[in-house]
Amino acid sequence: ERIKVLESVTEKQKVTLNTDDDFDVAALCSNDVDVCLQIFFVRGGRIIGRDYFIFEGQSGVDESEIMSSFIKQFYAENQFIPGRIYSKNKIDDEEMVLLSEYISNIAGRKCSVVVPQRGERLSIANMAYENAVISLKNYESKKNSENGADLKILEKLAEVTGLEKLPVRIEAYDISNQGNSEIDAS
């Protein structure tokens, strides 16, 4: 029974596509401060990898602008450029045409940037979006825990020492000795 449960769990995680095409799928999500872009790499109809990028402090920037800039920079530096790049986020029609021409020039063959409307490409784009949400939450909680732990320590130090504000710089001096000889200061 345990093996059957494990098989059913792993079966749900597999993504089977009805194509053997090569394409990439990207999706953006944002919180109040940061933006996360998740990209899936599909080769021969199988998701072979994924990556995510955090753009700190960019949540007020138009998502279409972020996606467009990312595509330009990412594929200008990439060895392999697939025939199609799907974006979960809307991109202006005119900008999509320009991006497609730009990517085609880099690749030396026809490539296109498309916003999927239905079907399995849209399903993968939705999955990329969900992964972006998870990646951003993980990043945010890691950032908050690091900042929060330091902040709590500084708040406690200010309370114990009677400081009105949190300390910005802390200096420590130590002098050790053995009796009246071998005095050492740092």
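Predicted model: local features only at pLDDT ≥ 70, side-chain atom pairs only at ≥ 80, totals over all residues.
**Core.** I started with the largest nonpolar core, which has 21 residues. Ile39, Ile71 and Tyr75 have the most contacts inside it. I then looked up where its residues come from: β1 (23-30), β2 (35-43), α2 (63-76) and α3 (93-107) each give two or more. The most come from α2, with six residues.

**Tyr75.** Next I listed the contacts of Tyr75, skipping neighbours within four places in sequence. I got Asp24, Ile39, Ile81, Pro82, Ile85, Ile103 and Ile106.

**α2 against α3.** I checked how these two helices sit. Their axes come within 10 Å and cross at roughly 5°. An angle under 35 degrees counts as roughly parallel, so I put α2 down as roughly parallel to α3. On the α2 side the contact is made by Ser68, Ile71, Lys72, Tyr75 and Ala76; on the α3 side I noted Glu95, Leu99, Tyr102, Ile103 and Ile106. Sorted by class, that is seven nonpolar, one polar and two charged residues.

**Hairpin.** Last, I went to β6 (residues 175-178) and β7, which pair in the antiparallel sense over three bridges. Gln178 stands opposite Ser181 of β7. Two residues lie between the strands of this hairpin, and Gly179 in the turn has a positive phi of about 65°. Is β7 buried or in the open? Of its five residues (181-185) the number buried is zero, so I wrote it down as largely in the open.

Note on methods
Residues numbered from 1 in each chain as written. Heavy atoms only, no water. Core = buried A, V, L, I, M, F, W, Y, C linked by side-chain atoms within 4.5 Å. Buried < 20%, exposed > 50% of the residue type's maximum accessible area, 1.4 Å probe, protein only. Helix = DSSP H or I, 4+ residues; strand = E, 2+ residues; numbered from the N terminus. Contact = heavy atoms within 4.5 Å. Axes fitted to C-alpha atoms, helices over the stretch in contact; angles between N-to-C directions. Parallel < 35°, antiparallel > 145°, perpendicular 65-115°, else oblique. Nonpolar A, V, L, I, M, F, W, Y, C, P; charged D, E, K, R; others polar. Pairing = 2+ DSSP bridges.
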